[in-house]
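Please open the structure in your viewer and keep the selection tool at hand.

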Amino acid sequence: MKHLVAPSLLAADFTRLAEEVTMVNESQADWLHLDVMDGHFVPNITFGPMVIEAVRQLSTKPLDVHLMIRQPERYIEQFRNAGADVITVHYEACTHLHRVVQQIKETGAIPGVSINPHNSVSLLEDILEEVGLILLMSVNPGFGGQKFIYNTLLKIQRLRERLTIRNLNARIEVDGGIGLHNAEKVLQAGADVLVAGSAIFKSENPTDTIRRFKEIGGEMRKFV
C-alpha cells in the first residue's frame, strides 16, 4: 500500500469551505487533517467541534483531528461525536498521557500522540504500543506556512527503527512545511502519512498537487 496524504484544512479558503472540502473529496487524498488550536497550548486559535461537525457532513474522507490544546481529555468525546476518526493529542499537553489515549480508544477513534520539534522520540517509548498514530511536528505548532525543520528526518528514522524492532504497526505522520520538494525525503526516512496545507491549498491546481504527492515513491507499512 502507498503512503497516505492528508491535506490540512488550516490552509484552505474558509469563505469557500464547502468547495474546498468537495475538492478533497474528489481528489486522491486519503484523510482530511484538521488542526484544533486553543490559544493557550499554541499562540493561535482555529476552530472547535462545531466546525468539525460541519466538515463531517461535507467530507467523504476520514477526519484526522489534531488537538493542539491544553487538557484535551475534557473534549475527547465532543470531538469524536463531531465526527473525528483519528484523534491526536500532544505529549506536552497531557499530564496523564496513557489515560487520555485509553479515553480516545474507548470512543472508537484511532488514538494518536504528537511531539513538538524540540522533543525526542524516546519520550514516547512507553506509549508506542497503545497508539495507532505518532505525529511528528516538523515545524513549531501554531501557524501554517512555516519552513520544514530538517532534523525531523533523523527523528523519523529513529522512530521507524523503534517501531520495527518492537514489531509495531503505528503509522508515522509528519506535519509542517511539507511540499513536493521534500516529501520524498520524508517518506524515505520512514513516514507513512504526509500532512500538507499551503503546498496543496495555495497551489494553482490542488487536485493535481494531491495526485503528485500520492505518486511520490515510498511504500507504506501494513497497518492493522
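This is a predicted model: local features need pLDDT of at least 70, side-chain atom pairs count only at pLDDT 80 or more; totals for chains, interfaces and linings use all residues.

**Helix α4**

Begin by selecting residues 97-107, which form helix α4. Within the helix, colour L97, V100, V101 and I104, which are buried. These residues lie on the same side of α4, because they cover an arc of only 100° around the axis. Next, select R99 and E106 on the other side of α4, where both are exposed. To see what covers the buried residues of α4, display elements including α3 (76-82), β4 (86-90) and β5 (110-115).

**Salt bridges**

The structure holds eleven salt bridges; several are visited here.

Select D30 and K214, whose closest N and O atoms are 2.9 Å apart in a salt bridge. D30 lies in the loop between α1 (17-26) and β2 (32-37) and K214 lies in helix α8 (residues 206-215), so the pair ties together parts that are 184 residues apart in sequence. D30 is partly exposed, at 21% relative accessibility, whereas K214 is buried, at 13%.

Proceed to R160 and D192, whose side chains form a salt bridge (2.6 Å, N to O). R160 belongs to helix α5 (residues 152-165) and D192 to the loop between α6 (183-189) and β8 (193-196), so this pair ties together parts that are 32 residues apart in sequence. R160 is buried at 10% relative accessibility, and D192 is buried at 1%.

As a last stop, select E125, E129, R162 and R166, which salt bridges link in a network.

Key
Residues are numbered from 1 along each chain as its sequence is written. Side-chain values use heavy atoms; hydrogens and water are left out. Buried means under 20% relative accessible area, exposed over 50%, partly exposed in between (1.4 Å probe, protein chains only). Helices (H or I, at least four residues) and strands (E, at least two) are DSSP runs, numbered from the N terminus. The arc is that of the directions from the helix axis to the C-beta atoms. Contact means heavy atoms within 4.5 Å. A salt bridge is a side-chain nitrogen of Lys or Arg within 4 Å of a carboxyl oxygen of Asp or Glu.
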